[in-house]
Amino acid sequence: MPAVSKGDGMRGLAVFISDIRNCKSKEAEIKRINKELANIRSKFKGDKALDGYSKKKYVCKLLFIFLLGHDIDFGHMEAVNLLSSNKYTEKQIGYLFISVLVNSNSELIRLINNAIKNDLASRNPTFMCLALHCIANVGSREMGEAFAADIPRILVAGDSMDSVKQSAALCLLRLYKASPDLVPMGEWTARVVHLLNDQHMGVVTAAVSLITCLCKKNPDDFKTCISLAVSRLSRIVSSASTDLQDYTYYFVPAPWLSVKLLRLLQCYPPPEDAAVKGRLVECLETVLNKAQEPPKSKKVQHSNAKNAILFETISLIIHYDSEPNLLVRACNQLGQFLQHRETNLRYLALESMCTLASSEFSHEAVKTHIDTVINALKTERDVSVRQRAADLLYAMCDRSNAKQIVSEMLRYLETADYAIREEIVLKVAILAEKYAVDYSWYVDTILNLIRIAGDYVSEEVWYRVLQIVTNRDDVQGYAAKTVFEALQAPACHENMVKVGGYILGEFGNLIAGDPRSSPPVQFSLLHSKFHLCSVATRALLLSTYIKFINLFPETKATIQGVLRAGSQLRNADVELQQRAVEYLTLSSVASTDVLATVLEEMPPFPERESSILAKLKRKKGPGAGSALDDGRRDPSSNDINGGVEPTPSTVSTPSPSADLLGLRAAPPPAAPAAPSGAGNLLVDVFSDGPAPQPSLGPTPEEAFLSELEPPAPESPMALLADPAPAADPGPEDVGPPIPEADELLNKFVCKNNGVLFENQLLQIGVKSEFRQNLGRMYLFYGNKTSVQFQNFSPTVVHPGDLQTQLAVQTKRVAAQVDGGAQVQQVLNIECLRDFLTPPLLSVRFRYGGAPQSLTLKLPVTINKFFQPTEMAAQDFFQRWKQLSLPQQEAQKIFKANHPMDAEVTKAKLLGFGSALLDNVDPNPENFVGAGIIQTKALQVGCLLRLEPNAQAQMYRLTLRTSKEPVSRHLCELLAQQF
């Protein structure tokens, strides 16, 4: 680059910068800038004969002003004029201004292209480099179309200087990454490979970057680069630090080029030529040998450069997976890093060993470090390192060490970070099943999982243990005994109740001979958990009770009394109400033989691929390494252990709560023939109409909850993990909500599942779950027609300031929905602070060529983030008095819009989210509740009192919270439910 003469110092620019720095306030700076802009504008307009130096100075000032954050709307033409100058400094400033300020769609691009074309044809290496840098910096498609054919020619031209070749290679790489279709493959591709033999190391480095990118799409065109890359790598590795003085970094010769060459070789399989392969193996051994040598410098830069080459070498050895000696040496080298004081090295060593563990050559070598890895799992302070240690334990597990690894992971699970608990649960479940020889150990392990981390045990896990127990006669009695003992714990997780309910309902007779687990004791134990459970678990327990009537006739009267109770027959939840009615009728009307036939033991499940492993792969993402693959099987493992999962004969795995009676395997009862057509099937699935007459078939609501069963609830932290953010159009881009949007929203204030919207084309179902300030919602879009929806695009819109109050992340949905099909969309929700307006759901698609669109209000209201709170009467009234300011209370007196039923009212208040407090209000007819609204920013305490007047058919609702807007909003929401 030419030296800048003293006259190019641009004193006026230096004075202007000094003035800006001396400004005492922002106003003074703006005033000085405006003065300078006015002066520059007058110079450009008034004096037509400005010399190159003045243009350069003023353009520099404009560039400096732009970099301070001010808009520049003139001076572009003067910068373009500088491109035609023959002085380097003037041309440099012109290109700099264009690279920073000119938009890729500017009208000046054509003029700029002409100037660049002139510089590229000038054969002046300095000017050519400036032009190439500008093309790479702007990188517009129009520039790519103009110069994509010229740059390869410059790159491989014999008379191009080294600096020009280097710039051309990087410029071509930039254009290829931006628009691969613009870079034509031709005869230059064979010639660019030979740049790997260039004498100039900078040219080689740039060429390797370009070839690595190009060969990923066209590997055959660049296959000859393998031998050249090995040759160049060999010369670097075998050289001393003094041989490549200009490219030696802290005693490490050409570290960046070495890393790039190793990455290039990973794009291809091992060399077929024995001589090339031998030379490459020699290089890799040399790198491993140098890693054992004492460092030549104590500075961190030396160790970083040395380790970068070492880890890339190990990656290449793992990629080839064909040299047992190198694989074992790489494993031993990584093992030394496991106890290194540098956290990053420990992390990288664990990550690389995860991949090594999947190789048959190095698996045994990896296993020798098991104690070190277990210690890392226990003692590491960095959660990411602990997670890699858990991954490595999972990868190195086989039949010989399965029990040790599973027990260590279970022990770690008790104190593990919430972010990785679910992943560890999945891994423990997979390992316990895959390597179980004694299935009683497998049952114990899964029950321990539920006891230690029940919230993170997904449905796939406990479904799986039920299926294995059902299929194996030798473990059924042990499972019944173990789960019976587990249920006796004072604090029992709901998943344990589900497993216990299913197993005792099927195999409780195997332990009924012991007085300590007699039928009445089993029933009493299960029923003591009934009132603490969710609706889905209660439904499963009701199915267990009817099974008990078949297994233990002596419990019939007691169970019929429970089913006959008003809380069951008049339950607000249609699922529980229908089960209670049907089971009571079945137990009263059917003979013993009929009961025995209908309620017989579940048949063995057919076998299929494990869904737990699939769930773990989904959680790890598409980039999950081979450590998660099931390719390396233990030779002695059987089919069950190999990961084959039993499943019902239906297409999707139904919930065990729907399967206890085995009704899905039986032919459905006779029913009127439904009209044909794809839409009718969806209408049945999503039906929200009145409940049909009692029958043994599943209700529409049951079909919605079990046939469309989404993945199990995940941990609160995992609810917000790994979502793909969808493009979120602004409120101005979507139409207003449909007229009935408020009415549809009100249906979901006190419930989480149902049909949100339905017309002759589309049906939208909702299933959601909320925990503290986090939530997950599943939206089911059903195409009721026989014609495919095109360009199907559902998006969530945040009106007003809602984006600062509520975070909603969505997963993308397929753009085509076939006729009669449905797609599922997952929404992860986080309440940041209290909000009053719900987000909008905008659905757009094309049906028969015509665009369709609708906007709904998403059923996410502030009460969804209620945390029920139990309080004694004294505490309630004390808190009630503390919230006595007028702005903290909201009250509404209104007429009842529905029949005034105490049980229905209680169910709605519970669905609203608050805890109902008994024996607090002096009037037993009144309802009193308490709860806390959980947001990320703060917690809002809430007390409510609902006073029904049956005689006048009126209600008085009083709400007190610590925030005035929340009180009024909750009062409006709840009042509309009665």
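**Rings, charges and a surface patch**

User: Quick one on this model. Is Glu-29 buried or exposed?

Analyst: Glu-29 counts as buried, because its relative accessibility is 15% and buried means under 20%. Keep in mind that this is a predicted model.

User: Okay. Which residue forms a salt bridge with Glu-29?

Analyst: Lys-26 does. The closest N and O atoms of the two are 3.6 Å apart.

User: Where do Lys-26 and Glu-29 lie?

Analyst: Both are in helix H2, which covers residues 26-46. They are three residues apart, about one turn of the helix.

User: And how accessible is Lys-26?

Analyst: Lys-26 has a relative accessible area of 47%, so it is partly exposed.

User: How many salt bridges does the structure hold?

Analyst: It holds 38. Some of them join up: Asp-19, Arg-32, Glu-36 and Lys-61 are linked in a network of salt bridges.

User: Now Lys-165 and Asp-198. What N to O distance does their salt bridge have?

Analyst: The distance is 3.7 Å, N to O. This pair links distant parts of the chain, 33 residues apart. Lys-165 is in helix H10 (residues 162-178). Asp-198 is in the loop between helix H11 (188-193) and helix H12 (201-215).

User: Are those two buried or exposed?

Analyst: Lys-165 counts as buried, at 11% relative accessibility. Asp-198 is buried too, with a relative accessible area of 13%.

User: What about Arg-346? Which residue is in its salt bridge?

Analyst: Glu-380, with the closest N and O atoms 2.5 Å apart. Arg-346 sits in helix H18 (residues 343-356), and Glu-380 sits in the loop between helix H20 (370-379) and helix H21 (383-396), so the pair ties together parts 34 residues apart in sequence. Arg-346 counts as buried at 13% relative accessibility, and Glu-380 is buried with a relative accessible area of 11%.

User: Switching to rings. How many aromatic pairs are there?

Analyst: A search of the whole structure finds 23. Take Phe-523 and Tyr-545. Their ring centres are 4.9 Å apart and their planes are at 65°, so the pair is edge-to-face. Phe-523 is in helix H28 (residues 519-527) and Tyr-545 is in helix H29 (residues 535-551), 22 residues apart. Phe-523 and Tyr-545 are both buried.

User: Why do Phe-792 and Phe-845 count as tilted?

Analyst: Their planes are at 40° and their ring centres are 5.8 Å apart, so the pair is tilted. Phe-792 is in strand E8 (residues 789-797) and Phe-845 is in strand E11 (residues 840-847), so the pair ties together parts 53 residues apart in sequence. Phe-792 counts as buried at 3% relative accessibility. Phe-845 counts as buried at 5%.

User: What lies over the face of Phe-74?

Analyst: Arg-41 does, at 4.2 Å from the ring centre. In another spot, the charged end of Lys-751 sits over the ring of Phe-748, 5.4 Å from its centre.

User: Last topic. Which residues form the nonpolar patch on the surface?

Analyst: Phe-66, Leu-67, Leu-96 and Val-100. Together they have about 340 Å² of accessible area. Helix H3 (52-67) and helix H5 (88-101) are the elements that give two or more residues to the patch.

User: Where is Leu-96 found?

Analyst: Leu-96 is in helix H5. Its relative accessible area is 40%, so Leu-96 is partly exposed.

How values were computed: Residues are numbered from 1 along each chain as its sequence is written. This is a predicted model: local features need pLDDT of at least 70, side-chain atom pairs count only at pLDDT 80 or more; totals for chains, interfaces and linings use all residues. Side-chain values use heavy atoms; hydrogens and water are left out. Rings of Phe, Tyr and Trp (its six-membered ring) pair if their centres lie within 6.5 Å; planes under 30 degrees apart count as stacked, over 60 as edge-to-face and the rest as tilted. Helices (H or I, at least four residues) and strands (E, at least two) are DSSP runs, numbered from the N terminus. Buried means under 20% relative accessible area, exposed over 50%, partly exposed in between (1.4 Å probe, protein chains only). A charge sits over a ring if NZ of Lys or CZ of Arg is within 6 Å of the ring centre and within 35 degrees of the ring normal. Patches are made of residues with over 30% relative accessible area and no salt bridge: like charges are joined within 9 Å, nonpolar side chains (Val, Leu, Ile, Met, Phe, Trp, Tyr) within 5 Å. Accessible areas come from the Shrake-Rupley method with a 1.4 Å probe; for residues, only the protein chains shown count as cover. A salt bridge is a side-chain nitrogen of Lys or Arg within 4 Å of a carboxyl oxygen of Asp or Glu.
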